[in-house]
Amino acid sequence: MKLEKVTSPHLHGRSDTGHVMRLVILATLPGLVALTWFFGWGVFINLLWAWIVALGFETLVVKIRKRPLGYYINDYSALVTATLLGLALPPLAPWWLTVVGVGFAIVIAKHLYGGLGSNPFNPAAVGYVVLLISFPAEMSSWVPARGIEAAVTPGFIDSLSSIFPVFGNLLGQPNVDIITQATPLDLFKQKQGLTTAEIWQPGSAFGHFAGVGWEWVNLGFLVGGIFLLQRRIIYWHIPVSMLGTLLLMSLIFWGGSGSESNGSPMFHLFSGATMLCAFFIATDPVTAATSTRGRLMYGAGIGLIIYVIRVWGNYPDAVAFAVLLMNFCAPLIDQYVQPRTYGHSQGQNKGHKQNKSKNSTSDQSDDS
Amino acid sequence: MSRKLFSFPGGIHPPENKLQSLSIPIQAVPLPSKLILPLQQHIGAPAKTIISAGESVKKGQCLAEAQGFVSAAVHAPTSGTVVEIADHEIPHASGLTGLCIILQPDQKDQWIERQGIADIRNIEPTELVNIIRQSGIAGMGGAGFPTSVKLSPPADANIKTLIINAVECEPYITSDDVLMRERAAGVIQGVLILTHILQNQQSLVAIEDNKPDAIAAMQEALAQLNEPHNIEIVVIPTRYPSGGEKQLIQNLTGIEVPAGKPPLHVGIVVQNTATTYAIHRAIEHGEPLISRIVTLTGNALKQPGNYEALLGTPIEHLLEQAQLDQHQLSRLIMGGPMMGFALESANAPVVKTTNCLLAANREEYPEPEPANPCIRCGACAEVCPASLLPQQLFWFSMGGELDKAEQYNLADCIECGACSYVCPSHIPLVQYYRATKGELAKRNADLKQSDHARDRFEFRELRLAQEKAAKDAKRKARADASAKAQAAKKAAAELEAKNNPEGSGQSEGKGDSAASDSDIVKAALARVEAKKKAQAEAAASQTATNESTSQPETQDRS
Amino acid sequence: MTILLAIFALPFLALIFGAILGYASIQFKVEGDPIVDQVNALLPQTQCGQCSHPGCRPYAEAIAAGEDINKCPPGGEATIEELANLLGREILPLDAEHGEEKAVKMIAYIREPECIGCTKCIQACPVDAILGAAKQMHTVIVDECTGCDLCVDPCPVDCIDMLPVETTATNWAWDKPKVAVELIASEHQPLRSELIS
């Protein structure tokens, strides 16, 4: 009788990395729908293109690294990176922008650091920042959202020809004229002394409480995030502390509705990539802090940096920068924030070597 | 019932799979052709044989007695002949062999004289503990810690709470469940004995809420008890690993046992249900621990259920009773699927800690998935009942960073396997921790040994230096003495020359002889003196060196 | 005036900082072991002399005086790494001149019927782990033996064996699982059965 020698536990739960990643992609659906509705088919085309590029690069690198391909593709991590980056790109971003961004994210930010699980920086954030710094013009050309007076939401063919001029040529529609406009965050930043009421006019880029369309996009990502929380794919600590800090900062530095206003809390929470970041980018466990208290600190740091850069910095939105900056801090947070282990009193195990002797002395005092 | 529970962090809800083995009552097992009794079925020192091969023994006779404080005796489960005392396969995770007593039953099943105690109230607790020790009882929940040790708290310990661990949180296992269903009164009697020994204020019997029948049976048994008692049945929510000793204590009392300390430290003693029942049999019926209830389950068995097996019964024999399908069997686990270990062969015997034998087929337990990289999702930290950071410990274990692992309290891992269970990347986390714990233990043992070796080496150096010093001193003394003798001789010769200044030619020979005569005497005297002096010196240096030797020793001790 | 100010300010600052430094050096004084003791604590204390020093402490002294840290075969790679960390030196491969690292710990055993009782091994043992007297049979105290090999050569009748320490159920420990690390380094998708062995 040949018996297997397998170590316990012999049972395994149903969770699986590929499954987790698929759920993350699924959870972006409400946000994706909102984006597509307000900014046209370009968003969707971008996303598909990003997927194709990501799979291509992943295959290439895995082949170069001589690793089993199926095994690496099956974890869906490349697709998650592509999804997040694809959703963050302007709707009509030219095809090569996606290639550069996704390529940088997959090849340099992920695989050169050792692949999934070993990358210190969030690949999607790295890809985004590279594009933002290298191609600021392309990265800030957003079409106005549906519902703005000037908006002409491009159709499928227009979007396709605009992203891939080749198709435009083939279809006899070269040089599609696309109206672009700055995003609400950008507009708000450059309001040049106007009061909030002055820029917040009907038909402008500002809607009910944030940018037209953007409020819905953020609500979409919020819904997706709540779905992930409910499925226990992500934990509440990072989103809540990040959004909480952003809320707190925007309350403290609101400045009313005058020309000195820094924007209402609602405006900050529902503009730009806030919700996408809170639930999808900041919660990337590989690059975040790992303990419960650490996650709270990590999220708070992101919220703080986002606000600081948005209000006093040079960029209208700062999600990617904030995430990357806090990625730097994550190992430090992990080093110093350790949960209290069963049977140890608080503060006994904070990663300091000297604690050994402290433990024994405190144990002795327990005895007496 | 209305007792306030405190909960504990983490935990998982694996599929229970307990119903399979609950369809039939406890079954008896026919005597096997031989019984294999390992000398080590418990934690601590192995038992010491007190019989030799060829002797015939009666049922319940002690075959090997406890050796040292932390140890447990082994008894003959039936009457028969001791065939040999030899190495045999034992049910151990390592798959190694161990020294066993092989007993051939004579089918008579003849008991030795038994003496039960009807009324324990007038018996000294220490005497009861002694009987428990003589009966070879060791924790039957899986760990196998000698029970008498747990029941001998230091004089100053104030035991407030006795907890009977009837939680049985591991999937598949039902041996405690059926024990309580069918023999609840015995278990309650066992609790009374323990209460008498420990003089504790409250006794809590903790049962998970997935065992309603056992709870009802226990409550009924408790209701029928017509004497004052402090026993309470506490129903706790089903969650793995709520049956872990520390988790159970936290769940029931809110108290955490300080790291590295036994529960005694906080005035709590925890005993397993089966152990409690065994105590009842030992005290009130005079029966040592010779059998136990084993859950036989798994898809490779046609008739899963609970079987009362003699200790030492070959597992193969037991599986036959449950109608094992040899072709189906792919994995044989002793214990539950979360913490049990896979056996390499079914030749090993049932021991005191065998609460379950899980004969699984390939569909039930497929080969483990290959592991993906860790994505630090933190699912493991969420379920860790000890609030560790398993993902960090994994990195340290993989990288061999033992110091770091120690700093992150690897020692507090209870190896429940909840982290491995939830890991989406299928990383064998707990397997890493077990290996790293082993490495740590080895390193610490090596360190201790090397410290010891250094002390021995330094002592030897010192000893050699002393011997050399003593030798040198002796040699010096001898040299001094001979130098003095030489000087004395010379002086004598001079004196001689002075005494006989004119005597030159003829008196030479005579004077010579006279001089030599006196010379010899003088030289001898000088030698005696020198020797005395040398001895005195040697003695002085001896005391000096003695002082120098005693000094480092006292330093060592301080 | 400004020059004067500078002339006064600088010594004043120096005085303040000097006082702080002086205070700190007293207040936060680290009662460290002398470096020789720290090095000695890392050495395996087999006292085997394979480093060509008569024992571990002399080698520790030599290391503290600048000798290479790769001459200790019983300690092997692990000890070299620890020493390198302690001393801030580079990790060197084990110097093969001094011997090879053994995979398992060895212990000396005397084939007792063959022993003639010459006490030569007793004199060679650096940790006094051999028991016996002239013309009496000798035996090794197993728990004290460091496995240094030094008793093997002096034996005139060659009755000392170095045997590996046996693994029993008591001293057995789990192996590390073979999964994640090796998988990442492997060139092919591993078979499931390869992973679990």
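Mentor: Happy to; here is the pair, followed by its surroundings and a second pair.

A word on the model and labels to begin. This is a predicted model, in which local features need pLDDT of at least 70 and side-chain atom pairs count only at pLDDT 80 or more, while totals for chains, interfaces and linings use all residues. Residues are numbered from 1 along each chain as its sequence is written, and chains are lettered from A and ligands numbered from 1 in the order in which they are written.

Two packed helices are described by the angle between their axes and the distance between the axes. Helix 2 (residues 29–39) of chain A packs against helix 13 (residues 214–230) of chain A at about 165 degrees, with 6 Å between the axes. (Axes are lines fitted to C-alpha atoms, for helices over the stretch in contact, and angles run from 0 to 180 degrees between N-to-C directions; helices, H or I with at least four residues, and strands, E with at least two, are DSSP runs numbered from the N terminus.) That angle makes the two helices roughly antiparallel (angles under 35 degrees count as roughly parallel, over 145 as roughly antiparallel, 65 to 115 as roughly perpendicular and the rest as oblique). Their crossing is right-handed, meaning that the near helix is turned clockwise from the far one by less than a right angle.

From helix 2 of chain A, the contact includes Leu29(A), Val33(A) and Phe38(A), and from helix 13 of chain A it includes Trp216(A), Phe221(A) and Gly224(A) (in contact: C-beta atoms, placed from the backbone, within 7 Å). By class, this contact has 10 nonpolar, 3 polar and no charged residues (Ala, Val, Leu, Ile, Met, Phe, Trp, Tyr, Cys and Pro are nonpolar, Asp, Glu, Lys and Arg charged, and the others, Gly among them, polar).

Now the surroundings. Chain A has 19 helices and 0 strands. Residues 24 or more positions apart make up 71% of the contacts in chain A with a separation of 6 or more. Across the interface, 40 residues of chain A are in contact with 54 residues of chain B.

For a second pair, take helix 1 (residues 125–134) and helix 3 (residues 175–198) of chain B, at about 130 degrees with axes 8 Å apart. These two are therefore oblique to each other, and they cross in a left-handed way. Pro125(B), Leu128(B) and Val129(B) of helix 1 of chain B meet Ile193(B), His196(B) and Ile197(B) of helix 3 of chain B, giving 5 nonpolar, 1 polar and no charged residues.

Conventions
Contact = placed C-beta atoms within 7 Å.
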